[in-house]
Amino acid sequence: MLIRVADLQLKKLEFKQDFQPGVIEYGLDFHQVSPLHTEGRAEVIVEHRGHKENVDDIRVVAKLDVTMEVGCARCLEPVQFAVNRAFDLLYRPMGVDKRAEEVAISEADTEIGYYEGEGLLLEDVMREQVLLASPVKQVCREDCKGLCPQCGANLNTATCNCQHPGDPRWAALSELKNKLQS
Ligand SMILES: [Zn+2]
Ligand SMILES: [Zn+2]
């Protein structure tokens, strides 16, 4: 859904929308496994700069909720997690700030973004917010044992015959080593 500045200039937009899985591409390893529900509003905020310069910013105030899935950082099994997020964002027309200024602003305040051309795709806003709210590394459980670095077996569900640091055979060995060294 394109949020057009020209439409917002006439009327504030109230939206309530469900995006089915597959509509928004997240990249990385993230998959959407429930409809993404969002509701909120968008409006134009006019910034008066200097003599006659007006800048039309788009403000989006909304919330979203969705269930996402990503591979466990240790064992690669799918892990689901919920994202519930409320946000209040300001988008400026691309190019309105001088290059150096844009960089400085985006570093100082991530709540300011930029739109290109006619307006802003609601899908893009959603993708950005979901990724911001998603932890970089998810584990399926705190004590996930991960994959065996030698044979690749999932150590939560399988045992293998490789030796792993931390397993009893290694512990005995390092104990012996410590004794020999002291
Ligand atoms: Zn895991
Ligand atoms: Zn193994």
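Start by selecting Cys 151: it is partly exposed, with a relative accessible area of 45%. (Buried means under 20% relative accessible area, exposed over 50%, and partly exposed in between, using a 1.4 Å probe and protein chains only.) Now click on Cys 160, which counts as buried at 18% relative accessibility.

Both belong to one metal site. Show the zinc ion (ligand 2): Cys 148, Cys 151, Cys 160 and Cys 162 coordinate it through their SG atoms, at 2.3 to 2.4 Å. Donors here are N, O and S atoms within 2.8 Å of the metal (3.2 Å for Na, K and Ca); water is not among the atoms, so sites may look incomplete. The angles among the 4 donor atoms run from 107 to 112 degrees, making this site tetrahedral; for four donors, that label needs all angles between 85 and 135 degrees. Along the chain, the spacing reads C-x2-C-x8-C-x1-C.

A quick word on what you're looking at. This is a predicted model, where local features need pLDDT of at least 70 and side-chain atom pairs count only at pLDDT 80 or more, while totals for chains, interfaces and linings use all residues. Residues are numbered from 1 along each chain as its sequence is written, chains are lettered from A and ligands numbered from 1 in the order in which they are written, and side-chain values use heavy atoms, leaving out hydrogens and water.

Next, jump to the zinc ion (ligand 1). Which residues hold it? Cys 72, Cys 75, Cys 140 and Cys 144 do, each by its SG, at 2.3 Å. Cys 72 sits in the loop between E5 and E6 and Cys 140 in the loop between H3 and helix H4 (168-181), so the pair ties together parts that are 68 residues apart in sequence. Cys 72 is buried at 1% relative accessibility, whereas Cys 140 is partly exposed at 33%.

Now select helix H3, residues 122-133. (Helices, H or I with at least four residues, and strands, E with at least two, are DSSP runs numbered from the N terminus.) Its buried residues are Leu 122, Glu 123, Val 125, Met 126, Gln 129 and Val 130. They cover an arc of only 160 degrees around the axis, which puts them on the same side of H3; the arc is that of the directions from the helix axis to the C-beta atoms.

Last stop: colour by pLDDT, the predictor's confidence in each residue, from 0 to 100. The protein chain averages 87. Where pLDDT is low, the predicted coordinates should not be read in detail.

Methods
Expected span 1.5 Å × (residues − 1). Tetrahedral: all angles 85-135°; square planar, octahedral: opposite > 155°, others 65-115°.
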